[in-house]
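Here is a friendly briefing to read beside the model. Have the sequence and the 3D view open as you go through the points.

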Amino acid sequence: AFQSCYSLANIAIPSDVTAINAYTFRYCSSLKSIQIPTAVTTVNSYAFDYCSSLTSLKISNSVRTIDSYAFQYCSSLASIVIPDGVTSIGSCAFQNCYSLESISIPSSIKTISDYAFQYCSNLARIEIPESVTKIVISAFFYCSNLESIIIHDGNPNYKAENDVIFSNDMKTLIKFPLKKN
């Protein structure tokens, strides 16, 4: 629809839109802010890929799925609030969001997929709610400033000791923050 509209800086998504289709805003490198309306339930693959000027992102509470590569290379995003109701964060969904400093992961999330936050080099702290049953080992690859990982009490699959993520039985190391070296 708007793929490669390099000069597109602002757009209002109509309230009756139910999905942001794949590639819809890909390469809209001047897009500064987006508000996903309440009818939307899915942000599909590559929907906002390479929206490198995006600084404001408001995802409605109706969204249930953030697909693979949905916000890849949104390199100006500093914070993201994923609404309660989203159950999975797709592969590479926020990969290369270099400016990302904080992310709020709701208690509805079950899966954090491979490379979901890879190269989010300013991300310093992450909290994993007890609802998360699957964290792919590569989910936080190259988060070079990550120094604090918190797993909420009651998580049946994971625990954190000294900011290091392990399987609940302590037999598998999931993530060792690079800043802890």
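## Lys32 and its surroundings

Lys32 is in contact (heavy atoms within 4.5 Å) with Ala9, Ser53, Leu54, Thr55 and Ser56, once neighbours within four places in sequence are left aside. This is a predicted model, in which local features need pLDDT of at least 70 and side-chain atom pairs count only at pLDDT 80 or more, while totals for chains, interfaces and linings use all residues. Residues are numbered from 1 along each chain as its sequence is written, and side-chain values use heavy atoms, with hydrogens and water left out.

- Lys32 sits in the loop between β1 (19–20) and β2 (33–35); strands here are DSSP runs of E with at least two residues, helices are runs of H or I with at least four, and both are numbered from the N terminus.
- Lys32 counts as partly exposed because its relative accessibility is 45%; buried means under 20% relative accessible area, exposed over 50%, and partly exposed in between, using a 1.4 Å probe and protein chains only.
- Between the C-alpha atoms of Lys32 and Cys74 there are 10 Å, and the two residues are 42 apart along the chain.
- Ser53 belongs to the loop between β3 (42–43) and β4 (56–58).
- Not counting residues up to four places away in sequence, Ser53 touches Ser29, Ser30, Leu31, Lys32 and Ser76.
- Ser53 and Ile11 are 42 residues apart in sequence, with 14 Å from C-alpha to C-alpha.

**The chain as a whole**

- The protein chain has 15 strands and 0 helices.
- What radius of gyration does the protein chain have? It has 16 Å, which agrees with the value near 16 Å for a compact globule of 181 residues; the radius is taken over C-alpha atoms, and the globule rule is 2.2 Å times the number of residues to the power 0.38.
- Along the principal axes, the C-alpha atoms fill a box of roughly 50 × 30 × 20 Å.
- Of the 181 residues, 47% count as buried.
- Among contacts between residues at least 6 apart in sequence, 27% join residues at least 24 apart.
- The chain exposes about 8200 Å², and carbon and sulfur atoms supply 46% of that area; accessible areas come from the Shrake-Rupley method with a 1.4 Å probe, and for residues only the protein chains shown count as cover.
- The 12 positive and 13 negative charges have mean positions 3 Å apart. Lys and Arg count as positive and Asp and Glu as negative, while His and the chain ends are not counted; each charge is placed at NZ of Lys, CZ of Arg, CG of Asp or CD of Glu.

**Cysteines**

- How many disulfides does a search of the whole structure find? The search finds 0 disulfides, where a disulfide is a pair of cysteine sulfur atoms within 2.5 Å.
- The closest cysteine sulfur to that of Cys5 is in Cys28, at 5.2 Å, so the pair is too far apart for a bond.
- Cys51 is in no disulfide either, and its nearest cysteine sulfur, that of Cys74, is 5.1 Å away.
- Cys5 is partly exposed at 30% relative accessibility, whereas Cys51 is buried at 0%.
- Cys92 lies in the loop between β7 (88–89) and β8 (102–104) and counts as buried, at 5% relative accessibility.
- Beyond four places in sequence, Cys92 touches Tyr69, Gln72, Asp114, Tyr115 and Ala116.
- Cys92 and Ser68 are 24 residues apart in sequence and 5.6 Å apart in space, C-alpha to C-alpha.

**Other loop residues**

- Asn61, in the loop between β4 and β5 (65–66), is exposed, with a relative accessible area of 56%.
- Asn61 touches Pro83 and Asp84, not counting residues up to four places away.
- Gln118 is found in the loop between β9 (111–112) and β10 (125–128), and at 9% relative accessibility it counts as buried.
- Leaving aside neighbours within four places in sequence, Gln118 contacts Phe94, Gln95, Asn96, Ala139, Phe141 and Tyr142.
- Tyr142 is in the loop between β11 (134–135) and β12 (148–151), and its phi is near 60°, a positive value in a residue other than glycine.
- Tyr46, in the loop between β3 and β4, has a positive phi near 60° and is a residue other than glycine.
- Most residues other than glycine have a negative phi.
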